[in-house]
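We will go from stop to stop, picking strands, loops and side chains along the way.

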Amino acid sequence: MITITEQATDKIKEMLAAEESPNLFLRVGVKEGGCSGFSYGMGFDDDQHEDDHVFDIHGLKVVVDAESSKYLRGVEIDFKESAMGGGFTIHNPNAIATCGCGSSFRTKDEAGKPEEC
């Protein structure tokens, strides 16, 4: 369902180690909002729900809530280093429109709830 590159996985594992909490995992999700209608969310969590989808990607526990999973099929998460620092990028084959910053999108079938940018 989700692909996370080795470079992104290494960065996430490094960030998890800095948290010093043994039960944390990566939660990836989608919520309505943003310039294009839906926004991505990524963060650490320790509260897994019954309807969550759980994946092991390069030894990293990744959890996606059931509602978000329909928007995240085929998504690739990468981490890019640049002269200005680094950051995560998300490539979503389901998105037909994205905002300039790449953190908001809409799909062919659903527009979400776009906000003023």
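A residue counts as exposed when its relative accessible area is over 50%, as buried when that area is under 20%, and as partly exposed in between. Keep in mind throughout that this is a predicted model.

**First stop: two loop residues**

Select Glu 20, which sits in the loop between H1 and S2. Is Glu 20 buried or exposed? Its relative accessibility is 71%, so Glu 20 is exposed. Check its backbone as well: phi of Glu 20 is near 55°, a positive value in a residue other than glycine.

Now pick His 58, in the loop between strand S4 (53–57) and S5. Phi of His 58 is also positive, near 55°, and again the residue is not glycine. With 42% relative accessibility, His 58 counts as partly exposed.

Select residues 25–32, which make up strand S2. Of these 8 residues, 6 are buried, so S2 is largely enclosed by the rest of the structure.

Next, bring in strand S5 (residues 60–64), which pairs with S2 in the parallel sense over 3 bridges. Which residue of S3 is the bridge partner of Leu 26? Look for Phe 44. In S5, Leu 26 stands opposite Val 62.

Between Arg 27 and Asp 45, the N to O distance is 2.7 Å. Arg 27 belongs to strand S2 and Asp 45 to strand S3, so this pair ties together parts that are 18 residues apart in sequence. Arg 27 is buried at 15% relative accessibility, and Asp 45 is buried at 18%.

Turn to the other salt bridge of Arg 27, with Asp 52, where the closest N and O atoms are 2.8 Å apart. This pair links distant parts of the chain, from Arg 27 in strand S2 to Asp 52 in the loop between S3 and S4, 25 residues apart. Both Arg 27 and Asp 52 are buried.

Select S1, S6 and S7, an open sheet of 3 strands in the order S1-S6-S7 with mixed pairing. Its edge strands are S1 (2–4) and S7 (85–91), each pairing on one side only. From one strand to the next, the twist averages 20°.

Zoom in on strand S6 (residues 75–82), joined to S7 by 7 bridges in an antiparallel arrangement. Phe 79 has Phe 88 in S7 as its bridge partner. Then show Asp 78 and Lys 80, whose side chains meet in a salt bridge at 3.0 Å, N to O. Asp 78 is buried at 10%, whereas Lys 80 is partly exposed at 46%.

Helix H1 (residues 6–19) lies across S1, S6 and S7, at about 75° to S6.

**Last stop: a surface patch**

Switch to a surface view and color Met 15, Met 42 and Phe 88, which make a nonpolar patch of about 220 Å². Met 15 comes from helix H1 and is partly exposed, at 34% relative accessibility.

Methods:
Residues are numbered from 1 along each chain as its sequence is written. This is a predicted model: local features need pLDDT of at least 70, side-chain atom pairs count only at pLDDT 80 or more; totals for chains, interfaces and linings use all residues. Side-chain values use heavy atoms; hydrogens and water are left out. Buried means under 20% relative accessible area, exposed over 50%, partly exposed in between (1.4 Å probe, protein chains only). Helices (H or I, at least four residues) and strands (E, at least two) are DSSP runs, numbered from the N terminus. Two strands pair if DSSP finds at least two bridges between them. Axes are lines fitted to C-alpha atoms, for helices over the stretch in contact, and angles run from 0 to 180 degrees between N-to-C directions. Contact means heavy atoms within 4.5 Å. Patches are made of residues with over 30% relative accessible area and no salt bridge: like charges are joined within 9 Å, nonpolar side chains (Val, Leu, Ile, Met, Phe, Trp, Tyr) within 5 Å. Accessible areas come from the Shrake-Rupley method with a 1.4 Å probe; for residues, only the protein chains shown count as cover. A salt bridge is a side-chain nitrogen of Lys or Arg within 4 Å of a carboxyl oxygen of Asp or Glu.
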